[in-house]
Amino acid sequence: DISDNDYLYYLISSPLVKGPAIKSMSGATGRQRANLDKIKQIEVPDISIKAQQKIAKFLSNYDDLIENNNRRIKILEEMAQKIYKEWFVDFKFPGHETTTFKDSPLGKIPNDWEVKKIGKEYKTYLGGTPSRNEIKYWNGDIPWLNSGKTNELRITEASEYITKAGLEKSSTKLMPKFTTVLAITGATLGQVSMLGDEMCANQSVVGVYSNTNQEFVFYLLKDKIKKLIQNASGGAQQHINKDIVNEMEFILPTNNILNDFTNILKPINLEIFNLLHKNRVLKQTRDTLLPRLISGEINVENMEVQ
């Protein structure tokens, strides 16, 4: 009767405990571990279980909102992928009942659709990294991301920031908002995401951009990326490159079908970005309040928490 389990979770997640625990770590790189005896000596506020429960409830309300948004994002993403598959894989697009088909290098396709190459139809970018030895290239205001960010459903935050000099004096390129990015090497090979803002990337990332059909490009590459890697590497080589992406053939629908698809998918895509932004704000607010609540800076004794 002296502690609340949910409160303990937030307590241990807070800088009050996590900071000293990290400082106590020792051992070889990659095999470091915190010192249990030192963790036991970390001093924490002695507050009533009633106050603990209020703090836990207050913070869990934020987590509940975040989880609810995550569920909505998952539903929206599944809906978008289903529409893409129905229209461009199963060919059950509006008006398909009266459509005739023709042979193509990619199999039978609707008569008025075409086989194109990514590099001929869309703008592609290869990232780069400004020299780490030049301080003047870093800590600017231009968003730059590493390939690990492609693991995210949509990219709303940069990994780091570079300066204008860093952009001009390196091979990295500023890619437009809503560019589809894919990792072309390493542990993230084949991961596909979309930029929520103008950003640069490192040399392990290729960007593909369409002025009018960003959503089509995004789901096209998500659908084709595994086959692209297999065809390029034979299943052994652990990378692809910009040239391979440029040479990838795909089926290009008519403008009318693409416009209809974009009109349906764009609001879904924007809502996903909106919910991700809300979650980022909720997490920042929660993480700012967490140490202040646990340290007692914000007194909860007389606070009503629902």
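User: In S10, which residue is the bridge partner of Val181?
Analyst: This is a predicted model. Strand S7 covers residues 180-183 and pairs with S10 in the antiparallel sense over four bridges. Val181 falls in that range, and its bridge partner in S10 is Gly207.

User: Which residue in S10 is the bridge partner of Lys123?
Analyst: Strand S4 spans residues 123-126, and its pairing with S10 is antiparallel, over four bridges. Lys123 belongs to that span. Its bridge partner in S10 is Tyr209.

User: How many of the residues of S10 are buried?
Analyst: S10 runs over residues 205-209 and is mostly covered. Val205, Gly207 and Tyr209 point one way from the strand, while Val206 and Val208 point the other way, and all are buried. The count of buried residues in S10 is therefore five of five, with buried meaning under 20% relative accessible area.

User: Is Ser204 buried or exposed?
Analyst: Ser204 is found in the loop between S9 and S10. Leaving aside residues up to four places away in sequence, Ser204 touches Ser147, Leu182, Ala183, Ile184 and Thr185. Its relative accessible area is 14%. The cut-off is under 20%, so Ser204 counts as buried.

User: What distance separates the C-alpha atoms of Ser204 and Asn241?
Analyst: Ser204 sits in the loop between S9 and S10. Asn241 is 37 residues from Ser204 along the chain. The separation of their C-alpha atoms is 8.6 Å.

User: In what order do the three strands of the open sheet with mixed pairing come?
Analyst: The edge strands are S6 (160-162) and S9 (200-201), each of which pairs on one side only. Strand S5, residues 138-145, is joined to S6 by four bridges, and the two run antiparallel. The order of the open sheet is S6-S5-S9.

User: Does Asn139 count as buried or exposed?
Analyst: Asn139 is found in strand S5. It has a positive phi of about 65° although it is not a glycine. Its relative accessibility is 72%, and the cut-off for exposed is over 50%, so Asn139 counts as exposed.

User: What is the relative accessible area of Phe91?
Analyst: Phe91 lies in the loop between helix H4 (49-88) and strand S1 (101-102). Its phi is near 60°, a positive value in a residue other than glycine. Phe91 is buried, and its relative accessible area is 13%.

User: What is the C-alpha to C-alpha distance between Glu152 and Ser193?
Analyst: Glu152 is found in the loop between S5 and S6, and at 30% relative accessibility it counts as partly exposed. Apart from residues up to four places away in sequence, Glu152 touches Val192 and Ser193. Glu152 and Ser193 are 41 residues apart in sequence, and their C-alpha to C-alpha distance is 6.4 Å.

User: Why is the protein described as more spread out than a compact globule, and what is its radius of gyration?
Analyst: The protein has nine helices and eleven strands. For 306 residues the globule rule gives 19 Å, and the protein is well over that, so it is more spread out than a compact globule. The C-alpha atoms fill a box of roughly 75 × 50 × 35 Å along the principal axes. The radius of gyration is 25 Å.

User: What share of the contacts with a separation of 6 or more comes from residues 24 or more positions apart?
Analyst: Of the 306 residues, 41% count as buried. Among contacts with a separation of 6 or more, the share from residues 24 or more positions apart is 71%.

User: How far apart do the centres of the positive and negative side chains lie?
Analyst: The accessible surface comes to about 17400 Å², and 48% of that belongs to carbon and sulfur atoms. The protein has 40 positive and 37 negative side chains. The centres of the two sets are separated by 4 Å.

Notes:
Residues are numbered from 1 along each chain as its sequence is written. This is a predicted model: local features need pLDDT of at least 70, side-chain atom pairs count only at pLDDT 80 or more; totals for chains, interfaces and linings use all residues. Side-chain values use heavy atoms; hydrogens and water are left out. The radius of gyration is taken over C-alpha atoms; the globule rule is 2.2 Å times the number of residues to the power 0.38. Buried means under 20% relative accessible area, exposed over 50%, partly exposed in between (1.4 Å probe, protein chains only). Contact means heavy atoms within 4.5 Å. Accessible areas come from the Shrake-Rupley method with a 1.4 Å probe; for residues, only the protein chains shown count as cover. Lys and Arg count as positive and Asp and Glu as negative; His and the chain ends are not counted. The place of a charge is taken as NZ of Lys, CZ of Arg, CG of Asp or CD of Glu. Two strands pair if DSSP finds at least two bridges between them.
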